[in-house]
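The structure comes first, then the findings.

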Amino acid sequence: MKRILVIIMMAACFCGCDMLLSTTGNTTLNSMSQTELGKAVKELLQVSADNSLAKLGVTNGFYQNGEVKIPFPPALKNVEEKLKQVGFTNQVN
């Protein structure tokens, strides 16, 4: 049960509790059965995945999004610069 609540809380961060509650017709999480919670979590995860794909699955969607792009570690900044100088810009990016 704790795992379900953690998943619900994580999914709610992406979609909001309003959607979670609207998918089941309940007004509070306490009144939801495990079956309803499971269905709601599946729908939240699907909506989150769809939203992520729509945002990041376009040309340069990931590369140009500073919120999700993982930059080169600062300790390797010198290596990054040298690789770019010798023609590996695309691979580094």
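E80 is buried, at 10% relative accessibility. Buried means under 20% relative accessible area, exposed means over 50%, and partly exposed lies in between (1.4 Å probe, protein chains only). K77 is partly exposed, with a relative accessible area of 43%. K84 is partly exposed too, at 33%.

## Basis of the model

This is a predicted model: local features need pLDDT of at least 70, side-chain atom pairs count only at pLDDT 80 or more, and totals for chains, interfaces and linings use all residues. Residues are numbered from 1 along each chain as its sequence is written, and side-chain values use heavy atoms, leaving out hydrogens and water.

## Salt bridges

The whole structure holds two salt bridges. Each is a side-chain nitrogen of Lys or Arg within 4 Å of a carboxyl oxygen of Asp or Glu. K77 pairs with E80 at 3.1 Å, N to O. K84 also bridges to E80, with the closest N and O atoms 3.5 Å apart. Together, K77, E80 and K84 form a linked network of salt bridges.

## Placement in the helix

K77 and E80 sit in helix α4 (residues 77-85), three residues apart, about one turn of the helix. Helices are DSSP runs (H or I, at least four residues), numbered from the N terminus. K84 lies in helix α4 with E80, four residues apart, again about one turn.

Key. Helix = DSSP H or I, 4+ residues; strand = E, 2+ residues; numbered from the N terminus.
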